[in-house]
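Here's a quick tour for anyone opening this model for the first time. Have the sequence and the 3D view side by side, and pick out the residues as they come up.

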Amino acid sequence: QVQLVESGGGLVQPGGALRLSCAASGSNFSHYAMGWHRQGPGQGRNLVGRITATGRTTYADAVKGRFTVSRDNAKNTAYLQMDRLKPEDTAVYYCSALSIFTLDEYWGQGTQVTVSS
């Protein structure tokens, strides 16, 4: 079991940057793959990027080259650095933790990102 809390969302202009944080507690952070997902207005929830327990990353094509997923195991925190933001990036962003042992997945409450002039 792990608890996740996202932070860092807000309003930003197109072309701007934002960094989201996901603070984890309650279990062994290093034993989880950490993911970032988003859900736009009237949209489903889609994977944005993921970082495995060993540090390998994958990204959705829509954000590749603009977004970067990272983790700091000493701080029990995952990050999503978002650069050159576009209006279509507007969504609620969620982090997830996937246990490499049980495959149980846990979710944070989400944080709103709005990209608008």
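Predicted model: local features only at pLDDT ≥ 70, side-chain atom pairs only at ≥ 80, totals over all residues.

Two strands pair if DSSP finds at least two bridges between them.

**The open sheet**

- Four strands, in the order S1-S3-S8-S7, make up an open sheet with antiparallel pairing.
- At the edges sit strand S1 (3–7) and strand S7 (67–72), and each of them pairs on one side only.
- On average, neighbouring strands of this sheet are turned by 15° against each other, direction ignored.
- S1 and S3 run antiparallel and are joined by five bridges.
- Look at valine 5 for an example: its bridge partner in S3 is alanine 23.

**Serine 21, a residue in S3**

- Serine 21 belongs to strand S3, which covers residues 18–25.
- Is serine 21 buried or exposed? Serine 21 has a relative accessible area of 17%, so it counts as buried, the cut-off for that being under 20%.
- Leave aside the neighbours within four places in sequence, and serine 21 is in contact with Val5, Glu6, Ser7, Trp36, Thr77, Ala78 and Tyr79.

**Strand S9 and its partners**

- S9 is largely enclosed by the rest of the structure, because seven of its nine residues are buried.
- Strand S4 (residues 32–39) is joined to S9 by eight bridges, and the two run antiparallel. Within that pairing, arginine 38 has tyrosine 93 in S9 as its bridge partner.
- Strand S11 (residues 111–115) also runs antiparallel to S9, with three bridges joining them. Here valine 92 stands opposite glutamine 112 in S11.
- Strand S10 (residues 105–107) is another antiparallel partner of S9, again through three bridges.

**The disulfide**

- How many disulfides does the structure hold? There is one.
- That disulfide is formed by cysteine 22 and cysteine 95, whose sulfur atoms are 2.0 Å apart.
- The pair links distant parts of the chain, since cysteine 22 is in strand S3 and cysteine 95 is in strand S9, 73 residues apart.
- The link of cysteine 22 and cysteine 95 is right-handed, with 55° about the S-S bond.
- Both cysteine 22 and cysteine 95 are buried.

**Salt bridges**

- Side chains of opposite charge can pair when their charged atoms come close.
- The count here comes to four salt bridges.
- One of them brings together the side chains of arginine 38 and aspartate 89, at 2.9 Å from N to O. Arginine 38 is in strand S4 and aspartate 89 is in the loop between S8 and S9, so this pair ties together parts that are 51 residues apart in sequence. Both arginine 38 and aspartate 89 are buried.
- Another is between arginine 50 and glutamate 105, with the closest N and O atoms 3.7 Å apart. Because arginine 50 lies in strand S5 (residues 45–51) and glutamate 105 in strand S10, the pair ties together parts that are 55 residues apart in sequence. Glutamate 105 counts as partly exposed, at 33% relative accessibility.
- Lysine 64 and aspartate 61 also meet through their side chains in a salt bridge, at 3.3 Å from N to O. Lysine 64 is exposed, with a relative accessible area of 51%, and aspartate 61 is exposed too, at 67%.
- Salt bridges that share partners join Arg38, Arg66 and Asp89 into one network.

**Arginine 84, out in a loop**

- Arginine 84 is found in the loop between strand S8 (77–82) and strand S9 (91–99).
- With a relative accessible area of 52%, arginine 84 is exposed.
- Not counting residues up to four places away in sequence, arginine 84 touches Gly15, Gly16, Gly65 and Arg66.
- Alanine 33 is 51 residues away from arginine 84 along the chain, and their C-alpha atoms are separated by 26 Å.

Definitions and conventions: Residues numbered from 1 in each chain as written. Heavy atoms only, no water. Buried < 20%, exposed > 50% of the residue type's maximum accessible area, 1.4 Å probe, protein only. Contact = heavy atoms within 4.5 Å. Axes fitted to C-alpha atoms, helices over the stretch in contact; angles between N-to-C directions. Disulfide = S-S within 2.5 Å.
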